[in-house]
There are 2 protein chains.
Amino acid sequence: MAIVVQKFGGTSVANAEKIKRAAQRVIQRVKEGYSVVVVASARGQQTDELIADAHELNPEPPERELDQLLSTGEIQSVSLFAMALHAEGHNAISFSGGQIRMMTDGVHTKARIKSIDASRIQKELDAGKVVLVAGFQGIDDDGNITTLGRGGSDTSAVALAAAMKAEECEIFTDVDGVYTTDPRIFKDAVKIDKISYDEMLEMASMGAGVMHSRSIELGKKCDVRIHVRNSGNENKGTIITSEEEAQMEEVVVSGATIQKDMAKIGLVNVDHKPGNAARVFSKLAEARVLVNDIIQTEVGPKKANLTFTVGSSDLKAAKKAIDDVRDTVGCEDIFVHDNIAEVSIIGVGMRSHYGIAEKMFTSLFKAGVNIDLITTSEIRISCVVEKKDAERALIAVCKAFDLDKPVGKRKKYPRK
Amino acid sequence: MAIVVQKFGGTSVANAEKIKRAAQRVIQRVKEGYSVVVVASARGQQTDELIADAHELNPEPPERELDQLLSTGEIQSVSLFAMALHAEGHNAISFSGGQIRMMTDGVHTKARIKSIDASRIQKELDAGKVVLVAGFQGIDDDGNITTLGRGGSDTSAVALAAAMKAEECEIFTDVDGVYTTDPRIFKDAVKIDKISYDEMLEMASMGAGVMHSRSIELGKKCDVRIHVRNSGNENKGTIITSEEEAQMEEVVVSGATIQKDMAKIGLVNVDHKPGNAARVFSKLAEARVLVNDIIQTEVGPKKANLTFTVGSSDLKAAKKAIDDVRDTVGCEDIFVHDNIAEVSIIGVGMRSHYGIAEKMFTSLFKAGVNIDLITTSEIRISCVVEKKDAERALIAVCKAFDLDKPVGKRKKYPRK
């Protein structure tokens, strides 16, 4: 029997009424003849409440214990969800991550999934049960509970879809899908029907909060068709899929993103010799700082300036890491600028079309936005701007690339 | 290193402040040189809240899922408790029942412990850690979570004390120990210093709510010294121990109890032939009805009346079970009386002293209380009375046996 994985986020299971509604989505699939695996997050604000409880006792709770604590939220959701299905006459069984041997590495609070015991789940599906799995969690080889980081339930769902060879992984949320940009800033943003894994990854890493990037990486690796859709209606959502399928309509720019809380750190006159950049960034990695953009420019024959951006929340840790390494790399001065934001456009079509960068810069210029730094990937162009200009910049870019229009009505660009 | 097990109930870990206070009790023992194993219940009213959440979704939630849900409360307590110990500079590690392989039979909501992986705990104790174990829960052979029933954390604690060969199992509560009777009814009740397992078992099964009877049974079986004490002060509490140790002072009546919410069911003119009583009570056992007292009297050569008492909460199930079996045993009529209560006195000394029963009946007669049924065990005499008379009956009995006086000042009875 074909399998579908359905993932419900915290808002979709926040209370009894919402769990009952979510259960109906499951039952609908069961009636269509699918075997259903459900992944749920902790109810509503529960994870935040548990973190607050922890901090009341210990401002820096040991991560193993934090994982042990937080994992309970998802277990509560799935056992309650199972009860709701039983109440509707459907047999269901809930599992913690440990119970289905969702094995992870031992990195507490940011673990990665290594394997899943698909046979245990298959046995229950074969017995006609809906299988519910607590999201966000696994265990390490010693049986310690590990969590996958914020948004980790998406990753649990995609990993289960891969392990169970599911036809589709439905991610239920409170919006209709992935939008061309944040509709809170650009109100005319439109829903994206199909997007490739790579584009979605860039969107996610550039601040589009819909899905956890690891889950998309995993989806790409295991070729899991992901369907982001609204738990409150029957609308088709956004399909995240292979580039071949996503690019049928030759979209040039799929979406635009904004990252508001960014900071920039510059190392001035670093000794320009092999290994110095590695020293800096391995120190930052050690401090678990996520670096966004890196720009290095030569200053004379033996010196270079090294600039990078990080999320504001990582600034303190980044600054400390840099202070530790500055003498080693012969850095003469350090500057920090934490009132910046980054506006990006993303699209696989950039690879094959001309004039995209120019269009972006022109639109920002016309909007009176000064560009501080520019970085690009094969399918993304990002401009760092002053935080005060950020929303205006995003709107200008969205209009320039017709991100308020359906794909077919957008301006065409010449092919390379 | 000597090991002590400390168990904290829900009220002792209800909030951050209380967890911090409980942590101090642990640290005190660590400083005394003990290895400490902590068992904690779910915080405050959390178990009740989770049950209410479950019932909102399903009036009769499947027991496996209920166990899965409820087990999270204790896991939260112990992980938070571990954080509090870390904050005080003490290394600590928390475990769910499953993580230390607290193996149980598969009876959901009322499981029994079969074994514990003591080596896992010992390893952590040897590494200098305080080990915290979520009470009330275990797993069955298939990894399903099973819970031990209400008050099951006491059982977890005693089982751990036995497995770890602990010097003592401290049960922290919000009173100073076990009292001769319920001080809410007889305000002059005094704390019992030492009581034997058998007496405590009778007290517990006769309504003294201090400890879970299974935990006392287990304590007796494994010879675990149990110390029931107040988490809010340093007073010595009540030691539950072997009869030899407890009976140093030759107490005749150790305590008196009252069970208020009782019901009586009578089967009139049952066929008096072998196997009929077994049929009735196996049917009740099947329905998981806890039967208190059983009284059978002959009525003529071929008929007997069979009367038994149950808790009011079991009455519905008991009635249904009896309806199912009545024709098989030839019962001519059934009566139900649900406004009864049971007053009991308990004491190992009854075995070796005269005049105890007489004293009890006389005290009730003088208080104008009519006795409906009388049942006895080797160390207990119980009288079923009208519910309206129950508190008056208890007070009369307590006064008659000097349960408001220290052991040395009580009236002596002649030895058999």
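Mentor: The account below begins with the sheet and then turns to the contact between the chains and to one helix.

This is a predicted model, in which local features need pLDDT of at least 70, side-chain atom pairs count only at pLDDT 80 or more, and totals for chains, interfaces and linings use all residues. Residues are numbered from 1 along each chain as its sequence is written, while chains are lettered from A and ligands numbered from 1 in the order in which they are written.

In chain A, 6 strands lie in the order β14-β15-β13-β16-β18-β17 and form an open sheet with antiparallel pairing. Helices (H or I, at least four residues) and strands (E, at least two) are DSSP runs, numbered from the N terminus, and two strands pair if DSSP finds at least two bridges between them. The edges are β14 (291–299) and β17 (373–377) of chain A, each of which pairs on one side only. On average, neighbouring strands of this sheet are turned by 30° against each other, direction ignored. Such angles run from 0 to 180 degrees between N-to-C directions, the axes being lines fitted to C-alpha atoms, for helices over the stretch in contact.

Strand β16 (residues 333–346) of chain A has partners on both flanks. With β13(A) it runs antiparallel through 11 bridges, and A:Met262 stands opposite A:Ile340 of β16(A). With β18 (residues 380–386) of chain A it pairs in the antiparallel sense over 7 bridges. In β18(A), A:Glu386 is the bridge partner of A:Ile340, and A:Ser382 stands opposite A:Ser344. In a regular strand the side chains alternate between the two faces of the sheet.

Helix α10 (residues 315–325) of chain A packs on this sheet and touches β13 (255–271), β15 (303–311) and β16 of chain A, its direction making about 15° with that of β13(A). Contact here means that the C-beta atoms of two residues, placed from the backbone, lie within 7 Å.

Chain B has an open sheet of 6 strands in the order β14-β15-β13-β16-β18-β17, with antiparallel pairing. There, 7 bridges join β16 (residues 333–346) to β18 (residues 380–386) of chain B, and B:Val343 has B:Cys383 as its bridge partner in β18(B).

The wider setting is the pair of chains.

The contact takes 27 residues from chain A and 27 residues from chain B. On the side of chain A that touches chain B, α1 (16–31), α2 (46–57) and α3 (63–87) of chain A each supply at least two residues, and α3(A) gives the most, with 13 residues. The copies meet through the same surface, because 100% of the interface residues of chain A are also interface residues in chain B.

Finally, α5(B) is mostly covered, with 12 of its 12 residues buried. A residue is buried if 20 or more other C-beta atoms lie within 10 Å of its own, exposed if 12 or fewer, and partly exposed in between, with C-beta atoms placed from the backbone. Just after α5(B), B:Lys165 takes a positive phi of about 55°.
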